[in-house]
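Welcome! Please take a moment with the sequence and the structure below, and then we will walk through a few of the parts together.

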Amino acid sequence: MPRFIDWAPVFTGVVLSLSTPAQAGAPFPGVGRAATPAEIRAWDIDVRPDFKGLPRGSGSVAKGEKVWDTRCASCHGTFGESNEVFTPLVGGTTRADIETGRVAALTRPDVTRTTLMKLASLSTLWDYVNRAMPWDAPKSLTTEEVYAVVAYLLYLGDILPADFVLSDRNIGEVQKLLPNRNGTTREHGLWDVRGKPDVKNTACMRDCETHVTMASVFPDRARGSHGDLAQQNRLVGPVRGNGDTAASTAASRDTSAELAKRNGCLACHGVDKRIVGPAFRDISAKYKGERDVVNQLVAKMKQGGSGVWGSLPMPPQPGLAEADAQSLIRWVLAQ
Amino acid sequence: MSPVVRAGRLRGAPEHFLDAGQIADVQSGRREFLRSAFVAAAAAAATKATAAGAGDPAILELPEHSKALGQPVAARGYGLPSQFEKNLQRRESPGLTRVSGASVSFTPLQGLFGIITPSGLHFERHHQGWWDVDPNRHRLMVMGLVRQARVYTMDDLMRLPAVSRMHFIECGANTGMEWGNVAVPTVQYTHGMLSCCEFTGVLLSTLLDHCGFDRARGKYVLAEGADGSGMTRTIAIDRALDDVMVAWAMNGEMLRPENGYPLRLVAPGMQGVSWVKWLRRIKVGDQPFGAKDEVLHYVDLMPDGKLRQYASIQECKSVITSPSGGQTLLDKGSYNVTGLAWSGRGRVKRVDVSFDGGRNWRTARIEPPVLSKCLVRFNIAWQWDGGPAILQSRAIDDTGYVQPKINQLREVRGTRSVYHNNAIQSWKVDPSGEVTNAQVY
């Protein structure tokens, strides 16, 4: 009897899978399920170059300026020109480029490439802002805010006038103004696995034609640039890393620097450079020597706040262990 | 302190690296002096007096680990490398990026063996930081031009027919800092956006079939990540149906969080950014999707100002990993010159090595296995006579393509394309034994 009972569910299973041969997924019964329309809507956010996927809506340059100043400017600069945290978004395009659809400055090695210099499809910028911006709070902008920020960026790039309202209805016309809309190509061998290579070498084995001139060599003055190479190589084997005494002091500070990295401090603070928040060196210069400074700063760090270094708030860090917080502050003050 | 030496070799100082004096000795050609002086030095340093000339104290004096009880099983529930291996770490290249949440850490190729990258040393590239995602809350949706849009849990996916494949992954920007001039000192920074692992998962074609994708109209798929950057890349349908995988495992265990735990795309031969991590969605479409990291970033700038979009394939490339830049050869004589070769178009057929800056070449030994779109390890014997040398390797894949020289690449693509620099790498060896990154052609 037990054997018979064991067989029953197996038999049922066979009947079920045979009875639904037309259903998608028939080869793997029980694996996965149909997505609901609401689920598809929630995740189907991509916008294609033909604007398929673009939600209805609009946003003005004026509104974009407001969003920009509060949500974007701290990383990208007031005019989208900043090269401090990320590469610049705006600059390097001209009226003439808008006419031709080719950014002339892309041939100039002295010009830093900006987003607007490279951008060929407006959908890409819309989709980028919508899915990934602001950098530390992606997907937090409303559809109107995304339209507005895109419009404002194009205004900063002298592509749209100050009173423009970008919408799903006029975005196709704005696309025709992009300075680099004709500046890209897919005619190359790296798109397809069977693509034709554009560079050729031959497998010469003896007395090959070569200049054997030293075109470029790692400069002596850059020796310390990547730390102590002796500490980046195995301690045993046929070679050792080249030692560099200048870098060894930096290594001794590693533990607290690691702590700062692990806790995400370095996403907003540079050691000697302001990023979103103040440089650690500036904090040190301001507070070092004050009474009870370590405990004061630990409290400040854990609670967060704003005002001392600008209006951008520092988020509270309640999860930080007391001991780690103490070593972090001591390390900051040592900068 | 005075150098402590043992038979035939310089020995690391207590800090585990050669001190400045020792390096100076090596560089001034005093190796022979140091070698002949080992017995006296060793005797002076030994805790127990050993008769001078009797031999190596490492043999004559039994160490602690030969005379006492070692550690028990499971002392470390998850094993770790030896304490003596801590120098081999993923590292950032200072000045390359400005925020560590949108940065890259490089694999220490100078110290690795064989072709498999240890999971903890796999290079990292994140656009908006990494997450340790709860696998029970992770979902994959397959939708677009399909008969039935479907949702899969990790439980679902891991019931499907699994495949295990070894493939390399290389960032399109690997070696990108070297287009103009030599810029970084070691192979970790020139080539370390490269890793190779065994991946386990389900073929993407299995999932596309399962959802009944539209074979007539479906020309491209979009892969999308669940992280803040919502990484998206277009994959052509013939690639998607060939060897692309949806993988959950790497090197026998689940993916590491930094590599997309619990689910990532494995897009063999294609640049790393296509290997979407924390994969949440696959969409089938009839046109390329124009995502930011295929038409705006990760585009190759040509001398005429045109930007190459959708540049995906990592062409055939190789590099000698030891000896390599930033290292010092400890002595004249025999060396095993070793390195890695790979091709995004198929198998590596041959690797040649030159010791005179590319004038003459010898074919290296390739270690099996030789797999498609996977690293291969090559080795070749070298007798270093103490003179200057320039080491290069050159790989050829099964399409007959020969890895180019940097000047050949520049003639076509200029110096500002950033991505897809697969040039022959030169390492200059000085009579001092010091190896330096150089460009020679």
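This is a predicted model: local features need pLDDT of at least 70, side-chain atom pairs count only at pLDDT 80 or more; totals for chains, interfaces and linings use all residues.

**Chain B and its sheet**

- Chain B holds 11 helices and 26 strands; helices (H or I, at least four residues) and strands (E, at least two) are DSSP runs, numbered from the N terminus.
- Of its 441 residues, 53% count as buried, meaning that 20 or more other C-beta atoms, placed from the backbone, lie within 10 Å of the residue's own.
- Four strands of chain B form an open sheet in the order S17-S19-S23-S22, with antiparallel pairing; two strands pair if DSSP finds at least two bridges between them.
- At the edges of this sheet are S17 (317-322) and S22 (365-367) of chain B, each pairing on one side only.
- Within the sheet, S19 (residues 333-342) and S23 (residues 376-384) of chain B are joined in the antiparallel sense by nine bridges.

**Helix H3 of chain A**

- H3 (residues 61-76) of chain A spans only 17 Å between its end C-alpha atoms, whereas a straight helix of 16 residues would span 22 Å at 1.5 Å a residue; the expected span is 1.5 Å times one less than the number of residues.
- A kink of about 55 degrees in H3(A) is centred on A:Asp69, the bend being the angle between axes fitted to the seven residues ending there and the seven starting there.
- Among the buried residues of H3(A) are A:Val61, A:Trp68 and A:Cys72.
- The buried residues of H3(A) pack against strand S2 (58-60) and helix H7 (143-156) of chain A.
- After H3(A) comes A:Gly77, with a positive phi near 85 degrees.

**Where the chains meet**

- The contact takes 85 residues from chain A and 108 residues from chain B; two residues are in contact if their C-beta atoms, placed from the backbone, lie within 7 Å.
- On the side of chain A that touches chain B, H6(A) gives the most, with six residues.
- S1(A) is joined by two bridges to strand S6 (residues 150-153) of chain B, and the two run antiparallel.
- A:Arg33 stands opposite B:Val151 in S6(B).

Definitions and conventions
Residues are numbered from 1 along each chain as its sequence is written. Chains are lettered from A and ligands numbered from 1 in the order in which they are written. A residue is buried if 20 or more other C-beta atoms lie within 10 Å of its own, exposed if 12 or fewer, and partly exposed in between; C-beta atoms are placed from the backbone.
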